[in-house]
Amino acid sequence: MHVIGTVGLPGSGKGEAATVAREDGIPVVTMGDVVRQETADRGLDPATDHGTVAQALREENGPTAIAERSLPMIEDRLEQHDTVLVDGIRSGTEVDVFEAAFDDAFTLVSIEAPFEVRAERIDERGRDASEAEGGEGLKERDERERGFGMDDAMARSDVVVENTDSLEAFHERIRSIIGETDDVNRAQAESKS
């Protein structure tokens with residue numbers, strides 16, 4: 001069993017890492033989906049109100065609320081798979097939740113890229129509402145994410161991936177990390193038998 005968590009500011013490449021995992025048959029639990037579902041349940045628009053609801057969930061239920069809501073989904077997928085990727089950890093307190101639940105079977109990967117690169121990527125993906133459309137600008141999103149404790153989570157990572165090269169190079173690096181955790185899983189299983 002192994003759980004790989006990803007942390008990084010908006011546009012750093014967390015979604016691309018999740019894509020690689022899915023392509024390799026590894027299930028992905030996206031913490032942002034918990035927030036998007038809660039946003040929809042509250043009758044709000046996920047494109048414009050995602051950040052507000054993420055903040056509200058943490059204020060209403062504590063800083064670990066989203067991580068705790070993700071745990072049953074992770075455990076469910078671990079029943080059928082050796083590895084699960086958790087996309088979008090936002091704080092050191094969320095890291096604490098996953099470390100407590102999975103101990104040495106948890107690896108945190110920080111995905112990092114400069115502001116200008118991330119801004120360009122966000123514009124290209126077109127998923128988020130722009131400031132003109134009532135959404136948050138990247139600087140405001142970065143500030144909100146950092147307010148959750150993102151910098152602490154990134155500083156606690158086991159692996160740092162600088163995502164400034166080509167998409168293909170990034171995919172290869174993520175596959176390498178996934179492969180390394182698979183090797184650890186096999187070694188642990190062999191030592192127990």
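From the N terminus on, the elements of the protein follow the order β-α-β-α-α-α-β-α-β-α-α-α-β-α. In total, the protein has nine helices and five strands. Both kinds of element are DSSP runs numbered from the N terminus, a helix being H or I with at least four residues and a strand being E with at least two. The model is a predicted one, in which local features need pLDDT of at least 70 and side-chain atom pairs count only at pLDDT 80 or more, while totals for chains, interfaces and linings use all residues. Residues are numbered from 1 along each chain as its sequence is written, and side-chain values use heavy atoms, with hydrogens and water left out.

## The protein as a whole

Of the 193 residues of the protein, 48% count as buried. A residue is buried under 20% relative accessible area, exposed over 50%, and partly exposed in between, judged with a 1.4 Å probe and protein chains only. The accessible surface comes to about 9,600 Å², and carbon and sulfur atoms hold 45% of this surface. Such areas come from the Shrake-Rupley method with a 1.4 Å probe; for residues, only the protein chains shown count as cover.

Contact means heavy atoms within 4.5 Å. Among the contacts in the protein with a separation of 6 or more, 76% are between residues 24 or more positions apart.

## Helix H2 and its two partners

Two packed helices are described by the angle between their axes and the distance between the axes. The axes are lines fitted to C-alpha atoms, for helices over the stretch in contact, and the angles run from 0 to 180 degrees between N-to-C directions.

Helix H2 (residues 31-41) packs with helix H3 (residues 46-61) at an angle of about 105°, and the axes are 8 Å apart. H2 is therefore roughly perpendicular to H3. Angles of 65 to 115 degrees count as roughly perpendicular, under 35 as roughly parallel, over 145 as roughly antiparallel, and the rest as oblique. On the H2 side, the contact is made by Gly 32, Val 35, Arg 36, Glu 38 and Thr 39, and on the H3 side by Pro 46, Asp 49, His 50, Val 53, Ala 54 and Leu 57. The residues of this contact of H2 with H3 comprise five nonpolar, three polar and three charged. In this division, Ala, Val, Leu, Ile, Met, Phe, Trp, Tyr, Cys and Pro count as nonpolar, Asp, Glu, Lys and Arg as charged, and the others, Gly among them, as polar.

With helix H4 (residues 65-78), the axis of H2 crosses at roughly 110°, and the two axes come within 9 Å. H2 is therefore roughly perpendicular to H4. Here Met 31, Val 34, Val 35 and Glu 38 of H2 meet Ile 66, Ala 67, Arg 69, Ser 70 and Met 73 of H4. Six nonpolar residues, one polar and two charged make up the contact of H2 with H4.

Two residues of this contact may be followed from either side. Val 34 lies in helix H2 and, not counting residues up to four places away in sequence, touches Ile 66, Arg 69, Ser 70 and Met 73. Val 34 and Ala 65 are 31 residues apart in sequence, and their C-alpha atoms are 9.9 Å apart in space. Ser 70 belongs to helix H4; leaving aside neighbours within four places in sequence, Ser 70 is in contact with Val 29, Met 31 and Val 34.

## Further residues

Thr 30 is found in strand S2 (residues 28-30). Beyond its neighbours within four places in sequence, Thr 30 is in contact with Arg 22, Arg 36 and Asp 87. Thr 30 and Val 86 are 56 residues apart in sequence and 5.9 Å apart in space, C-alpha to C-alpha.

Glu 145 has its place in helix H7 (residues 138-148). The side chains of Glu 145 and Arg 144 are joined by a polar contact of 3.4 Å. A polar contact is a pair of N or O atoms within 3.5 Å; within protein, one must be able to donate a hydrogen and the other to accept it, and residues adjacent in sequence count only if both atoms are side-chain atoms.

Asp 103 is in the loop between helix H5 (92-102) and strand S4 (106-112), and has a positive phi of about 50° although it is not a glycine. Asp 123, in helix H6 (residues 115-125), is 112 residues from Gly 11 in sequence and 9.3 Å from Gly 11 in space, C-alpha to C-alpha.

The table gives the accessibility of the residues discussed.

| Residue | Relative accessible area | Class |
|---|---|---|
| Ser 70 | 0% | buried |
| Glu 145 | 2% | buried |
| Val 34 | 10% | buried |
| Thr 30 | 11% | buried |
| Asp 103 | 53% | exposed |
| Asp 123 | 65% | exposed |
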